Amino acid sequence: MTKEKSFMKLLITGGAGFIGSNFIHYILKKYPDYQVVNLDALTYAGNLENLKVWEGDERYRFVKGDITDMTAVGPLMEECDVVVHFAAESHVDRSIMDPGVFIETNVRGTLVLLEAARKYDKRFHHISTDEVFGALEPGDKPFNEETPYDPRSPYSASKASADHLVRAYFHTYGLPITISNCSNNYGPYHFPEKLIPLAVTNLLEGKKVPVYGDGLQVRDWLFVEDHCKAIDVILHQGKIGETYCIGGGSERENIWIVKKLIEMLSKDESSIEYVEDRPGHDRRYAMNYSKIERELGWRPETNLEVGLPKTVEWFRENESWWKGVKSGDYQKYYEKQYGK
Ligand code: NAD
Ligand code: DAU
């Protein structure tokens with residue numbers, strides 16, 4: 001374990017999205033002397049409502065800008081101590097509809113950030129996904145840091161490319177990087193195109209929940225606050241050049257999740273609608289997080305029995321947030337994806 005570091009000024013990319021905004025709340029609450037600059041292009045997934053409580057706080061600054069634009073990135077990189085890179089196109093189904101923007105943001109955007117970080121010699125933490133490792137079958141061992149890359153969707157291929165670039169900058173230029181690959185997050189501010197927030201909000205609206213294929217695909221669910229804590233320990237104690245796998249220890253079939261939410265929201269199974277499967281749908285993801293547990297002392301604290309009720313409660317209490325998100329362009333996306 002390396003000596004614990006302290007960073008005064010963090011550049012967060014994609015801080016107006018789901019995980020980025022949770023991370024900004026977490027950091028500003030935990031470290032009263034830290035400052036955060038949030039660089040976000042405010043795509044359909046970016047929402048400044050997520051961070052309203054920090055407006056006017058001198059420790060927080062929002063900059064609207066695109067990570068593919070060096071003129072936006074350069075000056076912010078120069079003034080920060082560390083960059084935590086969340087910004088991405090993040091939804092697998094959208095990558096199947098329209099892959100180009102995933103290469104532009106996830107690959108070229110990461111390259112622009114790396115070039116700026118190299119110029120100013122900045123610590124770079126890259127947020128990645130378990131999807132770069134491909135798909136598991138029931139009974140296969142969970143992914144770990146040694147698992148070969150085998151991405152199977154345009155989204156995961158773009159994230160794998162970005163990961164390779166980040167590692168290349170460490171090996172070639174000595175850039176001080178770390179990478180984390182995590183499993184499926186859930187919690188507050190989760191955009192309702194993803195399974196859990198889509199199911200919760202559809203059920204709250206009295207609509208059906210679309211379940212792809214047989215619903216027996218498995219994901220490993222990680223409560224977003226646990227993910228924020230893991231990034232925190234990697235930033236402060238992680239070893240430069242290393243990758244850390246982060247999992248929730250909560251593998252469940254999709255249909256289990258949907259039935260649980262139906263029960264929690266007092267609906268019945270007529271709310272389930274089996275729909276056409278996702279092309280190339282990865283059957284199972286699972287993460288072995290023993291490296292980060294052994295080396296940095298992190299493990300997930302919130303299991304689904306606690307995290308799902310907290311999440312449902314948050315969506316119940318924040319109806320205007322998700323109703324706002326679900327208006328406008330969201331409806332066009334929904335019609336295109338689900339045919340209604
Ligand atoms: P999100 O889609 O909710 O948010 C992405 C954010 O990035 C948005 O605020 C968006 O406006 C911003 N953004 C997109 N393109 C940009 C650009 N060109 N320039 C600047 N900002 C841009 O995503 P998320 O679910 O919060 O995921 C964050 C990161 O974590 C991503 O890198 C994703 O690949 C990774 N990840 C997510 C999960 C998950 O379960 N959500 C799991 C593993 C890894
Ligand atoms: O594993 C980490 C990844 O998790 C992240 O890298 C991605 O950014 C994030 O979007 C998420 O990807 P998934 O494709 O696993 O998440 P999603 O919520 O879209 O789907 C979860 C599972 O639920 C998956 O097996 C597909 C299924 N599903 C999804 C939707 C949106 C349905 O059955 N019906 C749906 O309507």
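Predicted model: local features only at pLDDT ≥ 70, side-chain atom pairs only at ≥ 80, totals over all residues.
Good morning, colleagues. I shall begin with ligand 2. The protein places 24 residues around ligand 2, and the closest of these are D130, Y155, R278, H281 and Y338. By residue class, the shell around ligand 2 consists of nine nonpolar, eight polar and seven charged residues.

Which elements each supply at least two residues of this shell? They are α3, spanning 92-97, α6, spanning 195-204, and β8, spanning 209-212. The largest share, three residues, comes from β8.

R278, already named among the closest residues, has an N or O atom in its side chain 2.6 Å from an oxygen atom of ligand 2. Two further contacts involve the protein backbone. At L195, a backbone N or O atom is 2.7 Å from an oxygen atom of ligand 2. At Y212, a polar backbone atom lies 2.8 Å from an oxygen atom of the ligand. How much of ligand 2 does the protein bury? Taken alone, the ligand exposes 690 Å², and the protein buries 95% of that area.

My second topic is the cysteines. How many disulfides does a search of the whole structure find? The answer is zero. Two cysteines illustrate the point, and for this step the cut-off is needed: a disulfide requires two cysteine sulfur atoms within 2.5 Å. For C80, the closest cysteine sulfur belongs to C228 and is 19 Å away, so the two are too far apart for a bond. For C182, the closest cysteine sulfur is that of C245, and because the separation is 9.7 Å, a bond is again ruled out by distance. Are these two residues buried or exposed? C80 has a relative accessibility of 2% and therefore counts as buried. C182, at 6% relative accessibility, is likewise counted as buried.

S156 has a relative accessible area of 0%; the threshold for a buried residue is under 20%, so S156 is buried. A polar atom of the S156 side chain lies 3.2 Å from the backbone nitrogen of R152. With which residues is S156 in contact, once neighbours within four places in sequence are left aside? The contacts are with E131, V132 and P151.

That concludes my presentation. Thank you for your attention.

Conventions
Residues numbered from 1 in each chain as written. Chains lettered and ligands numbered in written order. Heavy atoms only, no water. Near = heavy atom within 4 Å. Polar contact = N/O pair within 3.5 Å; in protein donor to acceptor, adjacent residues only side chain to side chain. Areas by Shrake-Rupley, 256 points an atom, 1.4 Å probe, with all protein chains shown as cover. Helix = DSSP H or I, 4+ residues; strand = E, 2+ residues; numbered from the N terminus. Nonpolar A, V, L, I, M, F, W, Y, C, P; charged D, E, K, R; others polar. Buried < 20%, exposed > 50% of the residue type's maximum accessible area, 1.4 Å probe, protein only. Contact = heavy atoms within 4.5 Å.
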